[in-house]
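Biologist: I would like to learn how to read a model like this one. Please take me through it feature by feature.

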Amino acid sequence: MSNGTGKRHPVIEWLEDRTGLPGLVEDFLMEDIPASSGWHQVFGSIALFSFLIQMVTGILLSFNYAPTPGEAWNSVRYIMTELTGGPMIRGLHHWGASIMIVVVVLHMVQVFIWGAYKKPREGTWILGVILLMLTLAYGLTGYLLPWDNRAYWGTVVATQIGASIPGAGPWITRLLAAENGIGVATFARFYSIHVLVLPPVTMLLIGLHVFLVRKHGVAPAPVETAPKKKFYPGQVFKDTIAIFITFCILFALAVTMRVPLERMADPTDTTYIPRPDWYFMFLFQMLKFFHGPLELVGSVILPNLAIVALILTPFIDRSALKAPSKRTLAIGVVFLAGLTWGGLTLAAIRSTPPSEAVDVTLIKGPEAWQSLTPIELAGAGFYKRENCAQCHSGAAGPNRLGPDLLTRAKGKTAAQLIEHFRNPSAKVPGSQMPPVHLTGGEMNGLAAFVLKLTPANAALLDSVPAYAMEGAMVYQKNQCGACHMVNGVGQKMGPALNGLSERRNRDWIQEHFVNPQKLSPGTNMPPYKFAPKDLDRITTWLLAIPASGVQ
Amino acid sequence: MSLDRRSFQQIVIGAIGAAMTAALAIPAVSYLFAIPKSRSTKKDGWVDAGDISQVPLNTPEEVVFRRTRVDGWKISAERATAWVIRKGPSEVIALAPQCTHLGCAYHWEDSHKEFQCPCHTSSFSPEGKVLSGPAPRALDRYEAKMEGNRLMLGEVRRSDA
């Protein structure tokens with residue numbers, strides 16, 4: 001890059017002679033821009049940057065994505081649960097879409113308030129309006145691609161709106177292959193539009209848009225007093241800072257706000273409440289105000305009028321350029337539009353009940369151990385602690401020193417087993433098994449666990465995580481089951497603990513142990529002062545108990 | 001030399017560019033190169049490849065069996081092949097069916113009493129040792145054991161040179 005001294009590196013010189021590329025870059029960076037240019041003009045660059053982020057993360061997602069219904073959901077689940085960095089890449093793409101819409105709109109608002117669309121920049125503005133529409137089209141088509149309930153039902157509503165347009169409706173429906181509802185062909189077309197049609201069109205229009213910006217120059221203030229300056233490095237520096245701030249927001253969103261994947265699309269689910277993404281919420285809400293033949297006004301006429309009004313803006317407002325602070329009408333229009341949009345969105349959010357959908361990527365598969373009762377889990381813990389597995393195998397398999405418990409424990413009662421644990425050689429003469437030294441309650445747990453063994457769940461022994469066993473041991477020792485119920489076992493004096501993770505978070509639970517009265521005034525629960533390790537284990541296990549007992 | 005405004009801006013532009021590239025590259029690289037989580041923890045168990053008591057001793061026999069494989073977001077059931085040589089009632093060798101040169105499927109040539117690869121004419125002894133051709137090492141073997149008359153196959157172990 002030139003540093004202004006005019007002397008180039010020999011490699012750059014070589015490249016220049018062969019391709020002319022360094023010169024092009026230099027011309028681009030050394031463009032003259034008005035002295036008034038500054039922070040208010042950074043949004044175009046951020047929009048371009050957002051688009052690049054979407055391209056990179058979109059390509060990365062496609063490396064592990066199967067674009068057919070069913071498979072799509074499985075592959076997104078795979079990205080979210082199996083791949084390191086998968087949730088991050090999906091998070092960047094998901095939140096990047098929202099950021100891009102925000103930035104494109106901000107870019108538009110700035111140009112609008114400054115009146116930068118005026119002659120001769122009408123073409124640049126119209127291309128910008130089309131690019132805004134394309135950005136929304138990405139959001140609409142991308143919404144279906146995870147193929148979960150949210151995707152499916154949101155798209156059902158969107159395609160039905162398209163179908164209601166007089167004249168064009170049937171054609172749109174046929175183009176989207178949505179005549180008989182959302183199917184495999186609909187999905188293929190949404191995917192194709194999202195990754196094959198929109199990107200090249202967007203790139204072409206961005207190219208034209210930037211070309212026109214360069215052709216007409218960056219829009220000046222009404223009166224430019226100072227001489228022109230160079231685009232690089234002053235304005236590039238401002239753009240870079242703005243891009244960096246945007247990037248930090250995006251990164252923070254992707255790290256902290258996990259993008260959920262709901263249950264796989266289920267057309268028979270009658271309880272699901274469809275909701276569009278936040279930027280379409282205002283349209284969703286507007287449809288509530290128009291009924292019967294007037295519905296078209298909300299779904300088709302008003303949105304299209306708005307688009308036409310946007311396109312015609314430079315031809316409607318042909319007055320001379322004024323300083324933005326004097327453009328009261330423009331500021332008023334933006335303010336009113338923002339207020340309308342905000343009001344509709346807020347009303348939509350407030351009138352839509354909170355989603356009860358579950359993020360399936362947080363359910364760690366259908367793990368059998370989650371259906372075990374606390375006493376059985378604690379038993380598994382004692383089984384492990386007493387090293388029972390050294391001599392006994394749960395399943396039929398390679399013979400070990402002791403009998404395999406599947407066949408041997410069959411038909412025994414818990415009392416018989418406990419008696420045998422206490423004094424092995426009394427029940428089985430000649431047994432080499434050492435007596436098990438556990439308290440009565442612990443013995444019950446061990447017996448319950450051994451009796452629970454079946455060929456199907458013998459693998460449980462290896463799959464039960466340590467925190468669950470230790471947590472359940474703490475639970476049993478403190479007789480929590482005297483008031484609480486887990487997987488259908490226990491009493492109902494206190495609340496059942498299944499699905500606790502959907503109601504409470506870790507901090508709340510831990511604080512509640514120490515001071516139940518503070519968080520649940522009037523509760524019968526006594527305070528518990530667990531050792532830090534015990535507190536950690538029991539909380540982790542409680543949070544892992546599924547909402548409904550796994551079968 | 002004191003830092004003028006222009007140099008300061010250039011440095012900041014470069015630094016921010018580098019920082020953002022790194023912030024994107026780290027998750028991208030781990031996304032592309034890290035081994036999927038369940039695949040790195042799950043061990044394939046033994047697969048029953050059927051009754052081979054009728055296979056004559058010391059004669060290679062192609063055995064086709066079914067196994068399940070974790071394949072990305074799917075668990076697929078697929079057919080797989082092993083070349084099996086019984087050395088005795090409970091002693092067995094099971095060779096993985098691909099040439100160690102470039103992965104072509106080789107076959108047993110009974111007239112020459114050797115395995116031959118059709119691609120680049122590597123040949124191997126019944127135990128899988130390289131007899132000729134460009135193959136760099138002996139044929140890979142499945143972990144194999146007999147349970148009664150049934151052949152149990154485990155993972156493929158890479159052969160030494």
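**Packed helices, interface and backbone**

Modeller: Start with a helix pair. In α20(A), A:Tyr467, A:Ala468, A:Glu470, A:Gly471, A:Ala472, A:Val474 and A:Tyr475 meet A:Asp534, A:Arg537, A:Ile538, A:Thr540, A:Trp541, A:Leu542 and A:Ala544 of α24(A). Contact means that two C-beta atoms, placed from the backbone, lie within 7 Å. Helices (H or I, at least four residues) and strands (E, at least two) are DSSP runs, numbered from the N terminus. By class, the contact of α20(A) with α24(A) has 9 nonpolar, 2 polar and 3 charged residues. Ala, Val, Leu, Ile, Met, Phe, Trp, Tyr, Cys and Pro count as nonpolar, Asp, Glu, Lys and Arg as charged, and the others, Gly among them, as polar.

Biologist: What should I know about the model and its labels?

Modeller: This is a predicted model, where local features need pLDDT of at least 70 and side-chain atom pairs count only at pLDDT 80 or more, while totals for chains, interfaces and linings use all residues. Residues are numbered from 1 along each chain as its sequence is written, and chains are lettered from A and ligands numbered from 1 in the order in which they are written.

Biologist: At what angle do α20(A) and α24(A) pack?

Modeller: Two packed helices are described by the angle between their axes and the distance between the axes. Axes are lines fitted to C-alpha atoms, for helices over the stretch in contact, and angles run from 0 to 180 degrees between N-to-C directions. Here α20(A) and α24(A) (residues 532–544) pack at about 105°, with axes 7 Å apart. The two are therefore roughly perpendicular. That label covers 65 to 115 degrees; under 35 is roughly parallel, over 145 roughly antiparallel, and the rest oblique.

Biologist: Which residues of α14(A) touch α20(A)?

Modeller: First the geometry. The axes of α14(A) and α20(A) (residues 466–477) come within 7 Å and cross at roughly 115°. On the α14(A) side, the contact uses A:Pro374, A:Ile375, A:Leu377, A:Ala378, A:Ala380, A:Gly381 and A:Lys384. Its partners in α20(A) include A:Ala468, A:Met469 and A:Glu470. By class, this contact has 10 nonpolar, 2 polar and 2 charged residues.

Biologist: How far apart are the axes of α14(A) and α18(A)?

Modeller: The axes of α14(A) (residues 374–385) and α18(A) (residues 440–452) are 7 Å apart, at an angle of about 95°. This pair is therefore roughly perpendicular too. Among the residues that meet are A:Phe382 and A:Tyr383 of α14(A), and A:Leu446 and A:Phe449 of α18(A). By class, the contact has 8 nonpolar, 3 polar and 3 charged residues.

Biologist: How many residues does each chain give to the contact between A and B?

Modeller: The size of an interface is often given as the accessible area lost when the parts come together. Here we count residues. Chain A gives 22 and chain B gives 21. On the chain A side, α3 (43–62), α4 (71–81), α5 (86–114) and α10 (231–256) each give two or more residues. The largest share, 8 residues, comes from α10(A). By class, the chain A side has 13 nonpolar, 7 polar and 2 charged residues.

Biologist: Is α7(A) largely enclosed or open?

Modeller: Burial is a neighbour count. A residue is buried if 20 or more other C-beta atoms, placed from the backbone, lie within 10 Å of its own, exposed if 12 or fewer, and partly exposed in between. In α7(A), 11 of the 15 residues are buried, so the helix is largely enclosed by the rest of the structure. Its buried residues include A:Trp153 and A:Ile161. Their cover includes α6, α8 (169–175) and α12 (295–316) of chain A.

Biologist: Where are the cis peptide bonds, and what is omega?

Modeller: One runs from A:Lys119 to A:Pro120, with omega near 10°. A:Pro120 sits in the loop between α5 and α6 (122–142) of chain A. Another joins A:Tyr232 to A:Pro233, with omega near 0°. A:Pro233 is in α10 of chain A.

Biologist: What is phi at B:Asn58?

Modeller: Phi is near 60° there, a positive value in a residue other than glycine. B:Asn58 lies in the loop between β1 (47–51) and β2 (61–71) of chain B. B:Asn58 is exposed, with 10 other C-beta atoms within 10 Å.
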